[in-house]
Amino acid sequence: MKKLVILTVSFLILFAQFVFSQNILENKYDVKQYILDLQISNSSTVISGNVIINANVTSTSLDTFVVDLIDTIVVGQTYMVVDSVFINGVSNTFQHHNDLIFIPMATAIPQNQTFSAQIYYHGNGTANSQTNYNGISKYNYTGKIHTFTFSEPTWSKVWWPCKQDLKDKADSVTFYITTNATNKSGSNGILKSTESLPGGKVKYKWVSKYPTDFYLISFTVGPLTEYITYAPLPGGTDSVLLQNLLFPSSSYYQTHLKAINKTKQLLYLFSELIGTYPFKDEKYGYCVVGSQLGAMEHQTMCTIGYQAMDTTSTMYGVNTYYVWYVAHELGHQWFGNYVTCSKWNYIWLSEGFASYMEYVALQNLESQTKADYWIQEAHNEIILVPGGSVYVPDSLVADENNVFDYILEYKKGPSILHIMRYEINNDSLFFAVLKNYLSTYAYSVASADDFKQIAESTTGINFSDYFNQWYYGEGYPIFNVNWNQNNDTLTITSNQTTSTAITTLFKTHFDLKINYVTGDTIIRLFQGSNNETYKIYFPEPVTSIEFDPHFWLLQSNSITTGIEKNNIFSSFEVFPNPAKDKITIKLKQGIKLNNTIISIFDIQGQLLLQQAIKLEKTEININGLTNGVYILKLNSNDKTEVTKFVKE
Ligand SMILES: [Zn+2]
């Protein structure tokens, strides 16, 4: 998900304690199927109906069936009331408290036996009127009133009874939505049937046969317009249904259609890079809703704010919202939905990876310049927050504001995946890592360590340091690089400090772009300790060195300095420096005067002047040069030396 919400203080206090309260008794069964059958209005967040949970007993026996459903969040506003409960079709007693329904079995159900629990209930399923996304929301946009759900991380129980355990995906989901006939509905999977009912009602049947996590089950209901198209898949024969609910009267409508067309390109691209779209037998699509920004990657049907689909408005100067949201939410269909993090602590596997697909989208469908801008912008935001780990520690995971930390998960998360790509140093191998990870944990869940093992087995690289410093560690490195050149030996020192005392060294490769008089080249060095010295054979006279020119590394304010002429150049002097109209070249004693040539280049390496030197002291007129920095190169027999002077 990507959301922009202003949370009030009261909201934070109210929900901080109750987010992750799964009951241990829920581990005694495995959910096979959810069947939701709900009466849903487009003009009210009050719902009613029943949910059937078909499950299999995994413990020795099941004597009490327990499932999540809030009783009250906000007194008089948000509540769910259980009306009746049936086990295998027979009415049963129940208790409903602490946001759980406890259903004692008349007879304990033995291991490996399946059973069916049907729960009738009603209530107002909006978590809080002050927030947009939790539980059911209601909006009026362009005069069309509609309702929709937002359940991540643990807000499903605000509107339907379910087992809020990431590791227990339902094998299939059926969702019957009964509403006014003037409404359309959007949900997961395929729209199997539309049945007209008496009283101006309609009953939509949505079915998904793909394993689905509880928080990815959703609905949107309102007087929206359906728009259907198809996205081709690589290979040329197969395509994916794109089914959308849109607002044709919105001024954004045309840009929404553009975003859907862009989605076709993205779906094709991602299928090529990381494996075929994982829900191709059902669909992908958008339910555009009246919140301005924000989006949620509901499985096979993204719910998205109208402005988040805008292909024209810009973000950070060059990147349009659609990349920020559309690529991100589509990326979640692989990272988050197809393979889900096994605990919220590993939200990186979802948000970090989906955010990286924004970069991948820019790089492939826009330009490397825009992708560079995206990653630099991410780095600029990260360095404002020097601490915190991408891994969400147990001490923080109970608060969703920590789980969905914007800087750590949406910016540092993708930035460190980019560093893994750099360390692998082979794009096809990097994408093979992602593909192997996805196919290994297909339709299931994974931990960060599962991903580490796949990365290591695919590449043969040991990623222990990488994970300890970038993922579990905190902060980022700061490099101080210094260089000097003596004849054909380039000496480089790199001193690394870090932004926190938690992680004191980032062992990493880093790139240096070496500019010399007639060209440039990139070298890759490895920093294995805080202070490193490298001696490199480099006969070309170096003019300057740039750190990490392609923005691979997350780092801050790294500087490179070169030691100037006094320490290096022993054959000649230039004075005055800076100079106004002339410079004097004075050769030091012992320099033979035959075959001595002096050349002046501008900073781009273009030759401006060249003359032979026959005297120990030679004046050169520089009146014709504009003010700036120039490079002076002296060739004497087999020696080449370089220095700079400034014309002012
Ligand atoms: Zn996301």
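**Exercise 1.** Describe where helix H7 bends and which residue follows within four residues.

*Solution.* H7 bends by about 35° at lysine 412, the bend being the angle between axes fitted to the seven residues ending there and the seven starting there, and proline 414 follows within four residues. The model is predicted, so local features need pLDDT of at least 70 and side-chain atom pairs count only at pLDDT 80 or more, whereas totals for chains, interfaces and linings use all residues. Residues are numbered from 1 along each chain as its sequence is written, and side-chain values use heavy atoms, with hydrogens and water left out.

**Exercise 2.** Work out what span the 19 residues of helix H7 should have, and compare it with the distance between its end C-alpha atoms.

*Solution.* The expected span is 1.5 Å times one less than the number of residues.

**Exercise 3.** Explain why H7 is described as largely enclosed by the rest of the structure.

*Solution.* Buried means under 20% relative accessible area (1.4 Å probe, protein chains only). Of the 19 residues of H7, 18 are buried, so the helix is largely enclosed.

**Exercise 4.** Identify what caps the N-terminal end of H7 and what follows the helix.

*Solution.* At the N-terminal end, a side-chain oxygen of aspartate 405 lies 3.1 Å from the backbone nitrogen of isoleucine 407 and caps the helix. After H7 comes asparagine 425, with a positive phi near 60°.

Technical notes
Helix = DSSP H or I, 4+ residues; strand = E, 2+ residues; numbered from the N terminus. Buried < 20%, exposed > 50% of the residue type's maximum accessible area, 1.4 Å probe, protein only. Polar contact = N/O pair within 3.5 Å; in protein donor to acceptor, adjacent residues only side chain to side chain.
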